[in-house]
Amino acid sequence: MTNHGTTYDTTYDTTYDIVLFGATGFVGALTAEYLAGHAPQDLRIALAGRNRAKLEDTRRNLAASHPRAERFGLVIADSSDAESLRALAGSARVAISTVGPYFRYGLPLVEACAKAGTHYVDLSGEVLFMRESIRLYHDAAKNSGARIVHACGFDSVPSDMGMLLLHQLAQQVGEPLESATMIVRMKGGVSGGTVDSMREQFKVTKADKELARAVARPYTLSPDPESEPDVGKQEDFGIIRTDSVGGRADGWAGPFVMAGANTRVVRRSNALLSHAYGPQLTYSEYMATGTGLKGRARSYALAGGLGVAMVALNAPKLRGVLSRWVPEPGEGPSVEDRDNGFFSTTHYGTTAGGTMLSATMSLDADPGYKGTSLMLGEAALTLAVDTEDLPHECAADHQGPTGGGVLTPATGLGLAYARRLAEAGMRMSPLPWQ
């Protein structure tokens with residue numbers, strides 16, 4: 001569906017600067033808490049969901065430690081009620097959605113925001129959802145000026161923003177990148193919402209082989225997949241020695257469960273930027289497993305365990321078995337576990353001239369919960385506060401004159417977002433503004 005030439009009504013009286021949809025869920029409540037503690041005092045914030053009593057409880061609990069939350073507005077909206085979502089979008093400058101699985105529930109709010117000219121962020125790592133969002137609403141968002149920015153959680157901020165930092169280094173060298181590989185180290189709980197989203201995608205692709213093929217394509221999120229370069233097969237999952245990409249000579253890395261979504265987001269960023277990262281760029285991601293024989297053994301064990309998990313997610317009869325090991329939607333780790341988690345990513349790149357570069361990002365917090373609420377909250381604050389610093393670097397046919405479109409963290413938020421993340425406690429190198 002395209003909307004070339006269509007003009008949408010963007011003259012709503014916006015009551016709020018940020019509306020958080022899904023505020024009563026586990027990650028939603030964490031994001032509400034983050035905004036209560038870190039948003040500018042004069043920013044107008046509202047909590048949205050379908051149950052007023054639960055919203056009032058959430059606001060009351062927040063106010064116990066953050067008195068300003070008493071002033072948070074409440075918006076009643078339901079993902080199955082299009083009119084309520086239009087009202088939500090019309091009342092906000094920026095909408096945050098934590099309501100997933102996104103392929104099942106998320107598209108109506110994207111549509112409402114794209115047509116109203118309301119900026120939007122979420123924490124989706126669902127390739128099918130992002131693909132449909134692009135197909136259905138990119139043109140509407142271009143016309144209205146809405147920046148629709150998916151993947152603003154652990155999926156896929158470290159991947160996408162780390163690649164942007166690596167690109168900054170390559171620009172200093174004056175050579176495009178030919179290859180880039182992200183190696184991640186992390187400690188954190190598995191998100192019940194992420195698992196549920198994976199179940200949903202497996203369910204849909206099992207029933208529709210064409211959608212299954214679309215998910216498997218490395219450039220399925222690119223504006224024009226058919227025009228992307230043929231750089232050979234790009235594996236989503238595998239085992240490597242880290243010296244092959246510039247890491248420790250005796251190190252090993254195995255498959256990273258989020259690579260299937262993250263790699264496609266990064267490739268979309270490169271395409272939206274007219275392949276500024278590199279016209280022949282190959283990109284991959286792996287999880288570090290250690291050094292020596294133990295590191296090698298862990299990499300194979302990780303690959304085997306991931307394979308078993310994929311089988312379990314595909315088999316409804318095994319859901320009960322899987323639930324013993326991973327949380328259900330709405331559940332999450334304790335405060336102590338969220339505080340004791342961490343992640344560290346390093347992007348290793350090689351330029352066309354053979355120069356080897358690296359860029360790093362890290363945070364001392366559970367990546368899927370505390371880290372994600374920080375990343376999602378700061379993404380919304382970037383759109384709400386740093387409007388003059390937002391990027392307008394996408395090719396003219398990919399982004400409207402006011403910056404609208406279905407974008408990525410790197411292309412929709414850019415270095416203004418990187419600066420916010422650094423000020424919020426995320427360590428990164430290089431710091432391109434220094």
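Trainee: Which residues are buried in helix 5?

Mentor: This is a predicted model. In helix 5, the buried residues are Leu107, Leu109, Val110, Ala112, Cys113, Ala114 and Ala116.

Trainee: Why is Cys113 called buried?

Mentor: Buried means under 20% relative accessible area. Cys113 has 0% relative accessibility, so Cys113 counts as buried. Cys152 also counts as buried because its relative accessibility is 0%.

Trainee: How many disulfides does the structure hold?

Mentor: The structure holds 0 disulfides. The term requires a pair of cysteine sulfur atoms within 2.5 Å.

Trainee: Why is His167 described as buried?

Mentor: His167 has a relative accessible area of 7%, and the limit is 20%, so His167 is buried. His167 is found in helix 7. Setting aside residues up to four places away in sequence, His167 touches Leu177, Ala276 and Tyr277.

Trainee: What is the order of the strands in the open sheet?

Mentor: The sheet has 7 strands in the order 8-9-10-7-11-12-14.

Trainee: Why are strand 8 and strand 14 said to stand at the edges?

Mentor: Strand 8 (240–241) and strand 14 (427–429) each have a single partner strand, so one side of each is left without a neighbour in the sheet.

Trainee: Which elements does helix 7 touch as it packs on the sheet?

Mentor: Helix 7 (residues 157–173) touches strand 7 (177–187), strand 10 (282–291), strand 11 (342–351), strand 12 and strand 14. The direction of helix 7 makes about 145° with that of strand 12.

Trainee: What makes the pairing in this sheet "mixed"?

Mentor: Let us take the pairs in turn. Strand 7 and strand 10 run parallel and are joined by 6 bridges; in this pair, Ile183 stands opposite Tyr286 in strand 10. Strand 9 (residues 251–255) and strand 10 run antiparallel, with 5 bridges between them, and Ala253 stands opposite Ala288 in strand 10. The pairing of the sheet is therefore called mixed.

Trainee: How do you know that strand 12 and strand 14 pair?

Mentor: Two strands pair if there are at least two bridges between them. Strand 12 (residues 356–363) and strand 14 have 3 bridges, in the antiparallel sense, so they pair.

Trainee: Which residues have the most contacts inside the largest nonpolar core?

Mentor: They are Ile18, Leu47, Val121, Met163, Met375 and Leu421, in a core of 66 residues. This core draws at least three residues from each of domain 1 (16–154 + 370–429) and domain 2 (157–363). A second, separate core has 37 residues, including Val75, Ala114, Val127 and Ile148.

Trainee: Which residues does Val121 touch?

Mentor: Not counting residues up to four places away in sequence, Val121 touches several residues, among them Ala95, Ile96, Val149, Cys152, Leu376 and Leu383.

Trainee: How many residues does the protein chain have, and what percentage count as buried?

Mentor: The protein chain has 434 residues, of which 56% count as buried. The chain has 15 helices and 14 strands.

Terms used: Residues are numbered from 1 along each chain as its sequence is written. This is a predicted model: local features need pLDDT of at least 70, side-chain atom pairs count only at pLDDT 80 or more; totals for chains, interfaces and linings use all residues. Side-chain values use heavy atoms; hydrogens and water are left out. Buried means under 20% relative accessible area, exposed over 50%, partly exposed in between (1.4 Å probe, protein chains only). Helices (H or I, at least four residues) and strands (E, at least two) are DSSP runs, numbered from the N terminus. Contact means heavy atoms within 4.5 Å. Axes are lines fitted to C-alpha atoms, for helices over the stretch in contact, and angles run from 0 to 180 degrees between N-to-C directions. A nonpolar core is a set of buried Ala, Val, Leu, Ile, Met, Phe, Trp, Tyr and Cys residues joined through side-chain atoms within 4.5 Å. Domain bounds come from an automatic or database domain assignment.
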